[in-house]
2 protein chains.
Amino acid sequence: MKKPLIFVTNDDGVGARGFQYALSIARKFGEVVAVAPERTQSGMSHAITMSSPLHLRRVRQEEGMVVYACDGTPVDCVKMAFDYLLADRRPDLSISGINHGSNSSVCVIYSGTMGAAVEASFYNIPSVGLSLLDHNFDADCTAAAHFGEIVVRSLLHAERLPSPLCLNVNIPMLPLEQLRGVKVCRQAKAYFRENFHPRLDPSGREYFWLTGDMINLEPTATDTDEWALDHGYVSVVPVQVDLTAHRQIDSLKKLF
Amino acid sequence: MKKPLIFVTNDDGVGARGFQYALSIARKFGEVVAVAPERTQSGMSHAITMSSPLHLRRVRQEEGMVVYACDGTPVDCVKMAFDYLLADRRPDLSISGINHGSNSSVCVIYSGTMGAAVEASFYNIPSVGLSLLDHNFDADCTAAAHFGEIVVRSLLHAERLPSPLCLNVNIPMLPLEQLRGVKVCRQAKAYFRENFHPRLDPSGREYFWLTGDMINLEPTATDTDEWALDHGYVSVVPVQVDLTAHRQIDSLKKLF
């Protein structure tokens with residue numbers, strides 16, 4: 001059997017620790033082609049670069065693996081890979097991550113990791129976003145990598161999979177032995193509220209940092225990713241991008 | 001009756017022509033507070049600025065209207081407005097646009113205009129994204145503004161509205177008299193394929209522009225935004241952000 005071709009990307013940049021773990025997972029299963037952002041692209045969502053050109057730089061090449069850096073967004077990286085570098089080959093699976101920080105619940109729409117994962121799923125291959133609930137750049141990714149490997153193996157060995165398929169996988173910040181397993185769940189309803197505190201730079205100019213808190217609108221629901229993560233489970237949410245509020249269509253037709 | 005407070009933003013930047021039209025629509029109905037990006041933020045999706053600080057600049061103030069520019073993304077603009085500038089007042093409605101270019105179908109997930117519109121809806125006010133199917137910066141926005149006004153009036157005068165409510169409104173590039181009215185519809189299933197042609201800069205370094213084509217997966221369906229736009233209608237798609245692929249949950253539970 002031919003070895004699978006696995007694509008890897010992330011949003012923390014080509015030098016991030018979690019990205020090295022994602023490369024290691026991918027190498028266990030097959031040949032690896034990776035394109036990651038040159039610099040951090042946290043919070044870049046599904047952004048694409050429209051007003052400046054993109055550059056590709058090969059940063060690493062060894063037997064069975066080639067890694068590029070691209071000076072665009074995570075989604076740019078995916079597009080450069082699938083529509084240029086790999087234009088005549090189709091990967092068998094895509095991994096985005098391991099992200100340093102949660103992408104559960106409504107974070108999915110702000111996340112560069114998940115932007116890239118969703119974009120890869122548009123090429124009709126199974127796509128996985130892996131995120132660890134620890135923002136630190138030296139976070140211990142051991143448990144996240146362990147579960148990432150379980151998910152990737154399940155997808156590569158499955159007889160049939162839904163298509164398109166994009167999984168948002170989040171791993172609690174717990175030692176491996178305290179993790180209770182995988183829970184397939186839905187995205188919890190939530191939103192963010194920001195706290196902007198004006199500061200003054202050395203020239204006296206006012207500036208702000210964006211920093212907020214997530215408000216979970218359904219803290220007691222037991223079928224959400226937030227509940228799973230709070231209770232020591234790895235959350236797996238299948239993701240799709242029909243944003244239509246189908247249930248509102250009929251009432252709106254009366255309005256217009 | 002107290003005049004409504006209307007928030008306005010966009011993704012083409014504070015100097016864009018379409019933004020001036022959006023301000024004009026808003027002024028017809030109430031007091032206006034606007035925060036728009038300093039520069040173009042096309043394709044910025046739901047991106048937020050996490051690794052650099054934000055600045056706010058008041059660019060215009062007159063009776064009943066104040067306009068700020070923010071050096072972040074469209075979503076940053078919304079957050080700065082709702083969680084800082086307007087922390088003790090809640091607008092009655094939000095307008096994002098008028099965008100220079102389509103945001104129909106899958107474009108909704110790449111769109112900075114719609115990123116901002118969705119973010120505003122998180123504050124539980126009716127939110128509208130307006131996009132004209134003409135990329136030119138000197139596009140004639142007359143017809144788009146006409147229909148934008150119709151939509152805004154309908155929302156402000158409605159007795160009851162779904163909540164949260166976010167409308168993705170796209171206007172064909174046609175003279176007003178050729179537009180056939182408003183159609184409430186759903187997002188067409190589609191994806192993009194890019195065409196990357198390497199070029200050389202004056203120093204011989206290779207670069208790429210991201211440019212692609214949308215592939216509509218259901219060109220014959222008559223209830224989609226693409227169909228409506230192709231047939232001369234203004235498309236109105238209600239938007240929500242539960243990205244869960246609910247129908248895949250059961251089959252995935254068997255996998256893990």
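Reply: Strand β2 (residues 31-37) of chain B and strand β4 (residues 65-70) of chain B pair in the parallel sense over six bridges. The model is predicted: local features need pLDDT of at least 70, side-chain atom pairs count only at pLDDT 80 or more, and totals for chains, interfaces and linings use all residues. Residues are numbered from 1 along each chain as its sequence is written, while chains are lettered from A and ligands numbered from 1 in the order in which they are written.

Me: What makes β2(B) and β4(B) a pair?

Reply: Two strands pair if DSSP finds at least two bridges between them; β2(B) and β4(B) have six. In one of these, B:Val33 is partnered by B:Val66 of β4(B). Strands are DSSP runs of E with at least two residues, and helices are runs of H or I with at least four, numbered from the N terminus.

Me: Which strand do four bridges join to β2(B)?

Reply: Strand β1 (residues 5-9) of chain B is joined to β2(B) in parallel by four bridges. There, B:Val8 has B:Ala34 as its bridge partner.

Me: Why is β2(B) called largely enclosed?

Reply: A residue is buried if 20 or more other C-beta atoms, placed from the backbone, lie within 10 Å of its own, exposed if 12 or fewer, and partly exposed in between. Six of the seven residues of β2(B) are buried, so the strand is largely enclosed by the rest of the structure.
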